[in-house]
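Open the model in your viewer and keep the selection panel at hand. The stops below go in order.

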Amino acid sequence: MDRIRIRGGNPIRGKIAIGGAKNAALPLMVASLLTEDIVKLSNVPDLMDIKTLMDLLMSHGVIVEMAWDKNSAACRTLALNSKNITNLTAEYDLVRKMRASVLVLGPLVARFGEAKVSLPGGCAIGTRPVNLHLAALKELGAEIEIEDGYILARAPNGLKGGVVRFPTVTVGGTEDLLMAATLAKGETVLENAACEPEVVDLAHLLVAMGAKIEGAGSSRIVIHGQPRLHGANHRVVADRIEAGTYAIAAAITGGSVELSGAGVELMGAVVESLVHSGVEVTSARDSLKVAANGAVQSVDISTAPFPGFPTDMQAQMMALMATAQGASVITETIFENRFMHVPELARMGADITIKGNTAIVRGVKTLKGAPVMATDLRASVSLVLAGLAAQGETVVNRVYHLDRGYQSLDQKLRACGADIERIPG
Ligand code: EPZ
C-alpha cells in the first residue's frame, strides 16, 4: 500500500490549479441515466471515486468515453451514453466501494420504472443511512422494499410529482430526488432541500437537458416533470473543498498560494473563518490568493449545511487550529463520528479534547512528525496538512483514501515547495 512521506517546515508558495469538484461530478455523471442522448462533462477530476462510478455506470450498460480536457489542468472530459441500459441492478461489490452509488436509484426508477440498488452498508464517518432518499421516493409514488441487502424500487406507471419535506438537510437525498422528479408526471416540491453548490451544478446540467427547475440553491426547489430529457454539455463546478484544503496548506506553513479556478463565492464560510484567524484572502476573477500574515489565531467553527462551514473542511481546519494561538471550539453537527483524525493529530503533539460532538483544540507551538493513518478522505488530508507544518518526518499511511478525492496531491504540494513524496508499497 502506498504511503506519503513529508518532511515538514517548508512554506507552501506558488500557484495551484483547482480541478472540478468530485462531489459535483458524481451526481452529474449519474444524471446521464435520465436520457437516451449523450451527456458530455468537462473538468472532471481524475480520481478513484470517479473511476468507481464509471464502473458502476458501465455495469448498467452506459458507454463512457474519456479524454483529457484541453481546457483544464489534468482534468478529463467524459461522454456518457445511456441509450442502451441493460441492467437495472447496482451490485453490492460496486456500491460498497462508494456510497454516492446509491444516487442511481432515483434516475433508474424514474426512467425505467424499477431499480435494484444495494444498501451501501457501514461508513467510517457515521451511520449514513439512506432512509431519507427512500421516504422521498415513496412520496413520488415509488414502492420500496428491502430484500437481502438490496433496495427494490418500483413505479411501473412512472413516478408522480409530490411534496417532499426533508426532515434534515441531505445533499445526496436532494440530488437523488431532483433527478427523479425531472421525469415524474407533474410538479414536485422539495422542501428543506440542500443548497450546496454541487446541487446547483446538478440543476444547471438538468436544465440544459430540458428539465424545468426553479429555486435550486434555495431550500425550496420546484420541478415540473418532463416526458423526456435530452443530451447536453456541461463543465463541472470547481472543487471548493480542494481549494479550501490548499488554502489551509498555505496558512499552516506560513506560505502563500494562488488557487486558480477557485471561486470565492463557493467558499464563503471557509474564507470567513480564515480571515478571522488572521489569514489574508483576496479574490480576483476566477482565482483566490491566500497568504499567512503572521501568527494564525484560534477561531471557533461549527459545521452546517451550505452556506455554513462545510463538514468536509472540518478536519483540515482542526489541523490549522492545532498550531494556532489560543483555544478553538470545533463542533461537528453533520456526521456523528467525524473526529477520527483527533487521536492521530494528538500523536503529532496536538492538544485536543473531545466532548460529544465538540473538540476543544488548544494550539501548540509546533507539531512533531509521526507515522499516522486515517479512515477517511478528509481526515487523511488533515494529517498531510499537519505533516507539512510539523518538525521532522510524517508518514501518512492508507493513501488510497487521498486518491479518492485529491488529484496529484503530492505533486501539487511539491511544486509549491513541500518536501513530500509518495512511496509505492
Ligand atoms: C455528501 O454526502 C458528500 N458526498 C459528503 O462528502 C459530505 O460530507 C456530505 O454531503 C455533507 O456535506 C458527496 O457529495 C458524494 P448527506 P451525503 O446526505 O449526500 C444523514 C467527502 O468527504 N442522512 O447530506 O451522503 C447523514 O447520515 C464526502 O467528500 C440520513 O440520516 O451526505 C448525515 O448525518 C464525505 N438519511 C446527514 O444526513 C439519509 O437518507 C447529511 O448527509 C441521508 C442522509
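The tour visits the cavities, then a strand residue.

This is a predicted model, in which local features need pLDDT of at least 70 and side-chain atom pairs count only at pLDDT 80 or more, while totals for chains, interfaces and linings use all residues. Residues are numbered from 1 along each chain as its sequence is written, and side-chain values use heavy atoms, with hydrogens and water left out.

**Cavities**

The structure holds two cavities of 30 Å³ or more. A cavity is a set of points, on a 1 Å grid over the protein atoms alone, where a 1.4 Å probe fits but cannot get out; lining residues have an atom within 4 Å of a point. Volume is the space filled by probe spheres set on the points, which are joined across faces, edges and corners.

Select G19, G20, P45, L47, D239, E242, G405, Y406, Q407 and K412: they line the largest cavity. About 50 Å³ of space lies there.

Next, select T311, Q314, A315, R338, H341, D376, R378 and A379, the lining of the second largest cavity. Helix 10 (314–322) and helix 12 (377–389) each give two or more residues to this lining. Helices are DSSP runs of H or I, at least four residues; strands are runs of E, at least two; both are numbered from the N terminus. The second largest cavity holds about 40 Å³ of space.

**E65**

Now go to strand 4 (residues 63–68) and pick E65. Buried or exposed? E65 counts as exposed because its relative accessibility is 55%. Exposed means over 50% relative accessible area, buried under 20%, partly exposed in between (1.4 Å probe, protein chains only).

Show the contacts (heavy atoms within 4.5 Å). Leaving out residues up to four places away in sequence, E65 touches T77, L78 and A79.

Conventions:
1 Å grid on protein atoms, 1.4 Å probe; cavity = no way out; pocket = protein on both sides within 12 Å on 5 of 7 lines; lining within 4 Å.
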